[in-house]
Amino acid sequence: MADKKEILRISGMSCAACAAKIDRSLKGLPGVNSAAANFGNNTATVIYDESEVSHERIVSAVNKAGYTVIEGDATQIAEADRKEARERKVNLLIAIVFAVPLAIYAMGGMLLDLPVPLKDDCFLYGLVQIILCLPVLWSGRRFYIRGIPALLRRSPNMDTLIAMGTAIGFAYSVYCLVQLYDGRMEFMDHLSFDSAAMIIAFVSIGKYLEALGKVRTNDAVSSLLKLEPQYATVIRDGQESRIPVEELRKGDLLLVKPGEGIPADGRVESGSSDVDESMLTGESLPVAKNVGDTVYAATVNGTGSLRITAEQVGRDTVLHQIIGMVEGAQGTKAPMARIADRVAAVFVPAVLLISLLCCIGWLLAGKDVLFSLTVMVSVLVISCPCALGLATPLAIIVGTGNAAKRGILFKSAAKMEAAGNIDVVILDKTGTITEGRPAVTDIVACNMNENDLLAYAVSAEANSQHPVAGAVLKKAEELAITPAPHTDFESITGMGVRCRVNGHSVAVGNASLMTSDDVDISPLEAESTGLASEAKTCMFVAVDGTLAGIIAVADPVKQSSAEAISAIKAAGAVPVMISGDNEATALAVAREVGITEVRAEALPQDKIDAVKRYQVQQKSVAMIGDGINDAPALAQSNVGMAVGTGTDIAIGAADVVLMNGDLRSVPAAMEISKATVSNIKQNLFLAFVYNAICIPIAAGLPYLLGMGEFSHMPALAAAAMSCSSVSVTLNALRLRE
């Protein structure tokens, strides 16, 4: 049985230590091949063997670790994120409303020389503080509900540090309040209710902004879901009716009116219109759709009505496949994240040990209990690993979202990271650099005008299935030239066709056919030679035994290809073209787009060998292709990129899908990768440097340096910790386009 990949939405993660705990719990199950919990978007990506472990057992393992799996689709999950953000906002407001007056009341007399009511009655002064502090602790109840059980399970996390820090400060303050009730005035200066309250308030600010940032980073998926129509007009038994899209079935005949969203992937049965496919490809220009053309769910119909046969509905549509790819990439981890994961796994237990040792050390050094506990609380609070846990996943989520908006789908975070380090870009020619379908490029008439020449040619080729004949037919359609009936049709293999059109003998084919019919081609020999040097196929047309002209056909280079090749070079990679076409054609296309390294007449195995050859030279290789013959090379390369207009096999073998078929998406993918990796490095730097600087300060370094007052360090530590999380979140959000 094949391995199954599943993305679980998990509630209760508060830091990177939580993600590490979930990783360990899942990886310990038999049949689980890999598991990656992601604090940035509260998911866990699990790959497992269904014959050995069930979905229910995986969910149970997460629950036993102290977390909850949220069942539901992407819409429900997005709503859960918004609900969490709203709850955090309410708790933040409660914390601020009570913590700020408490801080002013407790410190106003010392710092601002303000009159403080009841200060002369020490017990009542402390009683007012505890009354103001209790609502703040209630607003931060989630830290205790999650943090204390995590400690009892011997898997402490960020909530544990906050819960312990504030609980110790609050408990000691209650002890001091009891002493004040007994008349021991010396304990008045030991009250620290304000510090416990400000810790909760400052941390709540950071957690709210984190939640808000997570909601915003998932905008790419949410915006795609919003494009999907909720209702569809279906024609059953000749009757039109409006039904929810969930009730659509394959084979349904749909009516899509002007301006409506298309509810399913399907084929146009009647009508014509322009369809906005920007949500799918990132291309802003609408695409003309006629009978027989394919349309996709959530694209928007233009000015014409369409009747469509539904071929893929619900979760089988391309839209949901895109969403699955984006969510899958966001739920994976980049190799760079392993540094943070290794640190997070031991970080919280190490912080608990450090805080305890600092407390004991200051007691042994002769400092009082209040000072030693203040140091302990400060170290606990300032060391929360939120920033460390957010550093990588938030950048990955924003980066993959940006890519999706431009029609670039990364299948994993690892490949997103790899795309920024590409040294060599190997490109297939047909369908990648070129359009992939022949088109008439030149018409050279002799003894008649161009339209008459084309009319004879299309009349002769009207029933041919040859790709070159198809190009002539399409050109005639564009010019509204209708083929005339022909008689005495004769097809000569490898040479062309002969027939009679309106009483005239007509021959269309190569130079060999003209020679066999004694047609003199010398008047246009120079033109045919020049066209051939440009990788164009020349068809000679003779009427009544006399040369009438040449029609040249070629697979045209995409308008964006030359610009894309230039951008690939600017990004520091070497473009290489490998094609199965003959050398003259391959070289002509390469010259046109600016590629100097070319391999012509190549077999599929030659493409794999080329990839391996560069890899042996320690080069990171990207392979760009669209056909079945490209699939092995796509799989072998460091980063395989499939043009989205190509085959399903190529797309399946690739690591990146370029939905719009525009070669400029290749340097765009490299650019997004580099920007994302750079952002991750910045975030990790901020997170590590923050802890390296702040932990010694919280441990009492300012006091050792003679910098004075240390009693309010816990509140300042909470503010610093929140600032670190906010700075990482804001830095990641800078990537948003």
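Is D237 buried or exposed? With a relative accessible area of 79%, D237 is exposed, where exposed denotes over 50% relative accessible area, buried under 20%, and partly exposed the range in between (1.4 Å probe, protein chains only). The model is predicted, and local features were therefore required to have pLDDT of at least 70 and side-chain atom pairs pLDDT 80 or more, while totals for chains, interfaces and linings use all residues. Residues are numbered from 1 along each chain as its sequence is written, and side-chain values use heavy atoms, with hydrogens and water left out.

D237 is located in the loop between β5 (231-236) and β6; helices (H or I, at least four residues) and strands (E, at least two) are DSSP runs, numbered from the N terminus. Most residues other than glycine have a negative phi. In D237, by contrast, phi takes a positive value near 55°. A positive phi of about 55° is also found in D488, which is not a glycine. This residue belongs to strand β17 (residues 486-492). D488 is exposed, its relative accessible area being 57%.

The packing of helices was examined next. Two packed helices are described by the angle between their axes and the distance between the axes. Axes are lines fitted to C-alpha atoms, for helices over the stretch in contact, and angles run from 0 to 180 degrees between N-to-C directions. Helix α4 (residues 122-139) and helix α6 (residues 158-181) have axes that come within 9 Å and cross at roughly 155°. The two helices α4 and α6 are therefore roughly antiparallel to each other, on a scale in which angles under 35 degrees count as roughly parallel, over 145 as roughly antiparallel, 65 to 115 as roughly perpendicular and the rest as oblique. The crossing of α6 past α12 is left-handed.

Salt bridges were then identified, each defined as a side-chain nitrogen of Lys or Arg within 4 Å of a carboxyl oxygen of Asp or Glu. The count by this rule is 12 salt bridges. One of these joins E260 to R242, with the closest N and O atoms 3.9 Å apart. The pair links distant parts of the chain, as E260 is in the loop between β7 (253-256) and β8 (265-270) and R242 is in strand β6 (residues 239-244), 18 residues apart. E260 is partly exposed, at 23% relative accessibility.

A further salt bridge connects K607 with D428, whose closest N and O atoms are 3.1 Å apart. Since K607 lies in helix α22 (residues 604-616) and D428 in strand β15 (residues 424-428), the pair ties together parts that are 179 residues apart in sequence. Both partners are classed as buried, K607 at 2% relative accessibility and D428 at 6%.

In the salt bridge between R664 and E563, the closest N and O atoms are 3.3 Å apart. R664 is placed in the loop between β26 (656-658) and α25 (665-698) and E563 in helix α20 (residues 561-570), so this pair ties together parts 101 residues apart in sequence. R664 counts as partly exposed at 34% relative accessibility, as does E563 at 48%. Salt bridges also link R267, E269 and E311 in a network.

I96, V100, I104 and I205 make a nonpolar surface patch of about 280 Å². Patches consist of residues with over 30% relative accessible area and no salt bridge, like charges being joined within 9 Å and nonpolar side chains (Val, Leu, Ile, Met, Phe, Trp, Tyr) within 5 Å; accessible areas come from the Shrake-Rupley method with a 1.4 Å probe, and for residues only the protein chains shown count as cover. Helix α3 (residues 74-112) contributes the largest share of the patch, three residues. I96 lies in this helix, α3, and is partly exposed, with a relative accessible area of 33%. M641, in strand β25 (residues 639-643), is buried at 0% relative accessibility. The C-alpha atoms of M641 and D626 are 8.6 Å apart in space, and the two residues are 15 residues apart in sequence.

Conventions: Left-handed = near helix turned anticlockwise from the far one by under 90°.
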